[in-house]
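Subject: A structure for you to look through

Dear colleague,

My notes come after it.

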Amino acid sequence: MIVMDQGTCMVDVAKFFMDFCREESCGKCVPCRVGTTQMHGLLDRITRGLASREDLAELEDLAGMVRETSLCGLGQGAPNPVFSTLRYFRDEYLAHIDDRVCPAGVCKIEPAEAVAPVAEASR
Ligand code: SF4
């Protein structure tokens, strides 16, 4: 049993479990091997205040694909923390994305001036 309170960031929790699944993936099938890494990357972007609503939609699509197409229970279950936290704590995800705030004060959000649009950053 894991007990959490208002001082726990649920996006950070999802990232923690995805990091575990990424590390434990045996690599046999692509959905799990690549999908867990991609989902971890998206969760990391959210916790750093760098994600957009499109990233969130991509995370949800990817989580569904990984669940449906992974060969064993590890990959099939890897997206569960994403689904659970999105179901019950979607507002925390949106606070990171829209307001660039971690309600629990856990995540280190990048300063706004450090976040350049992709087009500008590539010049
Ligand atoms: S789902 Fe299972 S078989 Fe596929 S890479 Fe993950 S751990 Fe390996």
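This is a predicted model: local features need pLDDT of at least 70, side-chain atom pairs count only at pLDDT 80 or more; totals for chains, interfaces and linings use all residues.

Helix 3, which covers residues 53-69, packs against helix 5, residues 80-99, at an angle of about 160°, and their axes lie 11 Å apart. Because angles over 145 degrees count as roughly antiparallel, helix 3 is roughly antiparallel to helix 5. The crossing in which helix 3 passes helix 5 is right-handed. On the side of helix 3 the contact is made by Arg53, Leu56, Leu59, Glu60, Ala63, Gly64 and Arg67, while helix 5 brings Val82, Phe83, Leu86, Arg90, Tyr93, Leu94, Ile97 and Asp98. Sorted by class, this contact of helix 3 with helix 5 holds nine nonpolar, one polar and five charged residues.

A second pair is formed by helix 1 (residues 10-24) and helix 2 (residues 30-47), which pack at an angle of about 155° with their axes 9 Å apart. These two, helix 1 and helix 2, are therefore also roughly antiparallel to each other, but the crossing of helix 1 and helix 2 is left-handed. Among the residues that make the contact are Val11, Ala14 and Met18 of helix 1, and Met39, Leu43 and Ile46 of helix 2. Taken by class, the residues in the contact of helix 1 with helix 2 are seven nonpolar, four polar and five charged.

Leaving aside residues up to four places away in sequence, threonine 8 touches Val13, Glu92 and Ala104.

There is also a ligand, and the residues around it include Ser25, Cys26, Lys28, Cys29, Cys32, Ser70, Cys72 and Leu74. The shell around the ligand has six nonpolar, four polar and one charged residues.

As for the whole, the protein chain has six helices and zero strands. Its radius of gyration is 15 Å, close to the 14 Å that the globule rule gives for 123 residues, so the protein chain is as compact as a globular protein of that length. Along the principal axes, its C-alpha atoms fill a box of roughly 45 × 40 × 20 Å.

Notes
Residues are numbered from 1 along each chain as its sequence is written. Side-chain values use heavy atoms; hydrogens and water are left out. Axes are lines fitted to C-alpha atoms, for helices over the stretch in contact, and angles run from 0 to 180 degrees between N-to-C directions. Helices (H or I, at least four residues) and strands (E, at least two) are DSSP runs, numbered from the N terminus. Angles under 35 degrees count as roughly parallel, over 145 as roughly antiparallel, 65 to 115 as roughly perpendicular and the rest as oblique. A crossing is left-handed if the near helix is turned anticlockwise from the far one by less than a right angle, and right-handed if clockwise. Contact means heavy atoms within 4.5 Å. Ala, Val, Leu, Ile, Met, Phe, Trp, Tyr, Cys and Pro count as nonpolar, Asp, Glu, Lys and Arg as charged, and the others, Gly among them, as polar. A residue is near a molecule or strand if one of its heavy atoms lies within 4 Å of it. The radius of gyration is taken over C-alpha atoms; the globule rule is 2.2 Å times the number of residues to the power 0.38.
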